[in-house]
Amino acid sequence: ALAERHGTPLYVYSGALIRERYAELDRAFGDYPHRVHCALKANSILGIARLIRELGGRVDANSGWEIEVAGRAGFDPDDIVFTGVGKTGAELALATGLGVHAINAESRGELERIDELSRAAGRRTRVALRVNPDVTAGAHPHISTGQRSHKFGVPIETAGEICRWAHAREGLQLVGLHAHVGSQLVTL
């Protein structure tokens, strides 16, 4: 009936199911301090983003466009983590200028660009360094990202040196490490 009324293609989502799954994930952390971030690259529909915000969630943006969607959905900059490979200079300038919660940096070179932008603006930007842990997730090779042969993040052996370097930068506030080993985990 909905397809007949609205045409196709038509995507229908259950707000009740989203609320239920969000609550289940949030409850799993109990009283431990945590933040639940929804990846906008998985679904950047404005209505769903607004629902996540209403539930108390935050977002993970993978592009400057997704940062803009987050803003239109009512998220404050502190609710946004900017992640992803291939961030442009304009996107980094947008994220540092807004003061997003953190930027997950892929390399020392990216940290250098963030530091330069931050110092020029007279601020410090919260960053996390993406580490490649050289582990196999057991997923399809085209969606695996955590092995040494993949281009993502810095080798775990160099992470300490890069973290010490970042910690000493005037425009950076190193707040953590980030790892992503793939989009499909099939076993623990």
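R130 and E106 form a salt bridge, with their closest N and O atoms 3.0 Å apart; the term denotes a side-chain nitrogen of Lys or Arg within 4 Å of a carboxyl oxygen of Asp or Glu. By this rule the count comes to six salt bridges. The model is predicted: local features need pLDDT of at least 70, side-chain atom pairs count only at pLDDT 80 or more, and totals for chains, interfaces and linings use all residues. Residues are numbered from 1 along each chain as its sequence is written, and side-chain values use heavy atoms, with hydrogens and water left out.

**R130 and E106**
- The pair links distant parts of the chain, 24 residues apart: R130 is in strand 5 (residues 125–132), and E106 is in the loop between strand 4 (102–105) and helix 6 (108–120).
- Helices (H or I, at least four residues) and strands (E, at least two) are DSSP runs, numbered from the N terminus.
- R130 is buried at 7% relative accessibility, and E106 is buried at 10%.
- Buried means under 20% relative accessible area, exposed over 50%, and partly exposed in between (1.4 Å probe, protein chains only).

**D79 and R58**
- A salt bridge joins the side chains of D79 and R58 at 3.3 Å, N to O.
- D79 lies in the loop between helix 4 (64–72) and strand 3 (80–82) and R58 in strand 2 (residues 58–61), so the pair ties together parts 21 residues apart in sequence.
- D79 is buried, at a relative accessible area of 13%.

**E112 and R108**
- The side chains of E112 and R108 form a salt bridge at 3.3 Å, N to O.
- E112 and R108 are separated by about one helical turn because they are four residues apart in helix 6.
- E112 is partly exposed at 37% relative accessible area, and R108 is partly exposed at 31%.
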